[in-house]
Amino acid sequence: MRGAAPSQNGAGNGAQNGHATISSGFKNGAENGSGNGADVVDLPAEAAKLDPSIYPAPTRKAGYSRFRVSAAAITPARVLLTGVTGFLGAHILHHMLMETQVVAVYCIVRARDAEHAAQRIEAALRALGLWSADVAGHVAECVVPIVGDLARPLLGLPLRDFQALAGELDAIIHAGAKVNLVRPYQSLKAANVLGTQEVLRLAVTNGFATRVKPVHYVSTNGVFPFGAGAPARRREGDDLSEIWPQLTDGYAQTKWVAEAMCAEARRRGLPLSILRCGNMAPSSATGAWNGADFMYLALRACAQLGCAPDAAAGWKVDMTPVDYAARAIVHCAVTDPSKALGRVLHV
């Protein structure tokens, strides 16, 4: 893997000392943005807290120029990927390395140091049957592990490293999130909401030259309420502004707020797409599945107990093979971004 990753220790001190205002706002937002699981969270108010400084400088006065749109739609050569050690993220990385012409994939990983980050990326690929001598060669040539954390200001990077990274990138795929269907909003906000805000900040941060990086935000169909009374079908253009009180779990609430922040950033002029995924099924190529996935655990329990939900109850679940979802996301973000930018797409 390619080097030049910042150290864990430098990340915290550099970010806080170099960007005290952002750090303070980040901390206050994480602590005061919502109450415990019993409190009602005003999700629109949370989304409205998107930092006003997150604004593409070239478009602030002149509007969203056609030149900037066309420039953002060019096939990227250097891509930032978050969530690379996750089930979907590892497949996205694998597909980018093996099926596209990207020359560098920067991967933010929580780790002790760059070597540990590289080990975690390799372990994720191996665990899912995605490792081979060919893949190892592509990883060594193209992957740049970066020690960071979505739940910290500036993604856990010192300000100088944050700015340097911004100057290297052509596009961002934000697939990282803290996934937990039990924890309340407050517990997930730092990684899922404030982490998304920092990704948007990175997208509009300039290095030595003005460069706005398009963002492809990987969301979930969990932003739609489900259960009795919920529509059987949802479309990509459906208005989510009035349905937020029906969201009851913290994960769905954080993704709703993050989507709303992305929509606001797009209104400000940032080239952006929202790619909503459903439940991830095993890979159609390897059969590998996420061992911590709810559906995996439920089906495994059914097999062990020798029983299943009553068919009369109408229990249905949509499932998307993870390699199909990864391929679709890479197509939207890397192969042909002009077809995705400015849109919400269901994967």
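How many residues does helix α5 have, and how far does α5 reach from its first C-alpha to its last? Helix α5 (residues 87-99) has 13 residues and reaches 18 Å, close to the 18 Å expected at 1.5 Å a residue. The expected span here is 1.5 Å times one less than the number of residues in the helix. Helices (H or I, at least four residues) and strands (E, at least two) are DSSP runs, numbered from the N terminus.

Before we go further, a word on the model: it is predicted, with local features needing pLDDT of at least 70 and side-chain atom pairs counting only at pLDDT 80 or more, while totals for chains, interfaces and linings use all residues. Residues are numbered from 1 along each chain as its sequence is written, and side-chain values use heavy atoms, with hydrogens and water left out.

Let us stay with α5 for a moment. Ten of its 13 residues are buried, so α5 is largely enclosed by the rest of the structure. Buried means under 20% relative accessible area, exposed means over 50%, and partly exposed lies in between (1.4 Å probe, protein chains only).

Next, follow the chain to the loop between β3 (143-147) and α8 (159-168), where you will find Leu154. Leu155 has its place in the loop between β3 and α8 too. Most residues other than glycine have a negative phi. Leu154, however, has a positive phi, near 55°, and the phi of Leu155 is also positive, near 60°. Leu154 counts as buried because its relative accessible area is 0%, and Leu155 is likewise buried at 0%.

Now for the charged side chains. A salt bridge is a side-chain nitrogen of Lys or Arg within 4 Å of a carboxyl oxygen of Asp or Glu, and by this rule the count comes to nine. In one of them, Glu46 meets Lys189 at 2.7 Å, N to O. Glu46 lies in helix α3 (residues 43-47) and Lys189 in helix α9, so this pair ties together parts that are 143 residues apart in sequence. Both Glu46 and Lys189 are buried.

Lys49 joins the picture here, as Glu46, Lys49 and Lys189 are linked in a network of salt bridges. The side chain of Lys49 makes a polar contact with the side chain of Glu46 at 2.7 Å. A polar contact is a pair of N or O atoms within 3.5 Å; within protein, one must be able to donate a hydrogen and the other to accept it, and residues adjacent in sequence count only if both atoms are side-chain atoms. Lys49 lies in the loop between α3 and α4 (66-72) and is partly exposed, with a relative accessible area of 45%.

Arg268 and Glu264 meet at 3.0 Å, N to O; Arg268 is buried at 12% relative accessible area, whereas Glu264 is partly exposed at 25%. Asp336 pairs with Lys339, their closest N and O atoms being 3.3 Å apart, and Lys339 is exposed, with a relative accessible area of 53%.

Our last stop is helix α11 (residues 294-305). Its twelve residues should span 16 Å at 1.5 Å a residue, and its end C-alpha atoms are 16 Å apart, which agrees. At the start of α11, a side-chain oxygen of Asp293 comes to within 2.9 Å of the backbone nitrogen of Met295. After α11 comes Gly306, with a positive phi near 70°.

What about aromatic rings? Rings of Phe, Tyr and Trp (its six-membered ring) pair if their centres lie within 6.5 Å; planes under 30 degrees apart count as stacked, over 60 as edge-to-face and the rest as tilted. By this rule there is one aromatic pair. Trp289 and Tyr296 form it edge-to-face, 5.5 Å centre to centre with 75° between the planes. Tyr296 is partly exposed, at 24% relative accessibility.
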